[in-house]
Amino acid sequence: MSYAVRVLPLSVLLLLGAAPAGGGWSAAPAGDGRPAFYVEGVPGAVQQDTVSLTNRGRRPVTVRLRGTGVPVTFAGAEVRIPARTRADVPFTVTVPAAAAPGDRSGTIVARGGDGRTATVPLRLRVGGPELSALTVEHVAVHADRITYELVNRGTTVLAPRLAVRANGLFGRRLLDRAPRALPVELPPGHRLKLSEPWPGRPVLDAVDVTLTATAAGGARDTARGSARFVPWGAVGGTAGAAGAAAAGLLAVRRRGARRAGRPAARRPGARAESTGGLR
């Protein structure tokens, strides 16, 4: 299917009341003053719309068009617009065959030969069943925080909530934060690395942390992590003191052994007797 670029003189636009005031050039959705393009379809569908490029100046201008975020094909990617003229450029949006249901965002970008750029938002809604699903991954406990990742495994935008628990040795409760909304939005297929502050974590303990994330639509997942907190400076000092004490005790034992093996001084007139040892 092919579409042709349509060019309308500004005099016609004035008669129709469609030409905005001011100079220069602009880009906008064709029609009734829409602020953005809205496209909806099932995977594999091809939808059509039109972008209007209006040149209000006294000189021709050449504008190049491209799409971002979604697959867009223009009837003419480069359009020369005469002075005081509007060009209507049809384009098609192809919904990816493997696209999951949900909303996607893109833009139509127009760049003129004068270096100016104009953008128009493009919203694509992919039809199909909605699925709410997320996972919590890569939980790690650090000195003053807990890090983790949230992944949207479904087809809808999620506003996740998080609950945090931490137990110490023998099940002692160290942390218990009720579910609360996180200040993030998670689009389908996206991953976010987040962290939970923990300024008062224990100095000496074995800790098990549990994170539970939930979202509307029944999305829920739980992940766990663990850590062992040991004050190595104190341990090193204790070990050093114990080592010094052991070394001192060993030195005392060696001195005692040497004294025990030293021959006694002979009294005058005493005779030395052989014990049968090697000479």
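**The second largest pocket**

Modeller: The second largest pocket holds about 180 Å³ of space. This is a predicted model: local features need pLDDT of at least 70, side-chain atom pairs count only at pLDDT 80 or more, and totals for chains, interfaces and linings use all residues. Residues are numbered from 1 along each chain as its sequence is written, and side-chain values use heavy atoms, with hydrogens and water left out.

A pocket is an open set of points on a 1 Å grid over the protein atoms alone, where a 1.4 Å probe fits, with protein on both sides within 12 Å along at least five of seven lines; lining residues have an atom within 4 Å of a point. Its volume is the space filled by probe spheres set on the points, which are joined across faces, edges and corners.

The lining includes Ala-100, Pro-101, Asp-103, Arg-104, Val-157 and His-190. By class, it has five nonpolar, three polar and two charged residues. Here Ala, Val, Leu, Ile, Met, Phe, Trp, Tyr, Cys and Pro count as nonpolar, Asp, Glu, Lys and Arg as charged, and the others, Gly among them, as polar.

Asp-103 also pairs with Arg-125 in a salt bridge (a side-chain nitrogen of Lys or Arg within 4 Å of a carboxyl oxygen of Asp or Glu). The N to O distance is 2.7 Å. Asp-103 lies in strand β9 and Arg-125 in strand β10, so the pair ties together parts 22 residues apart in sequence. Strands are DSSP runs (E, at least two residues), numbered from the N terminus. Asp-103 is partly exposed at 41% relative accessibility. Arg-125 is partly exposed too, at 44%. Partly exposed falls between buried, under 20% relative accessible area, and exposed, over 50% (1.4 Å probe, protein chains only).

Technical notes
Helix = DSSP H or I, 4+ residues; strand = E, 2+ residues; numbered from the N terminus.
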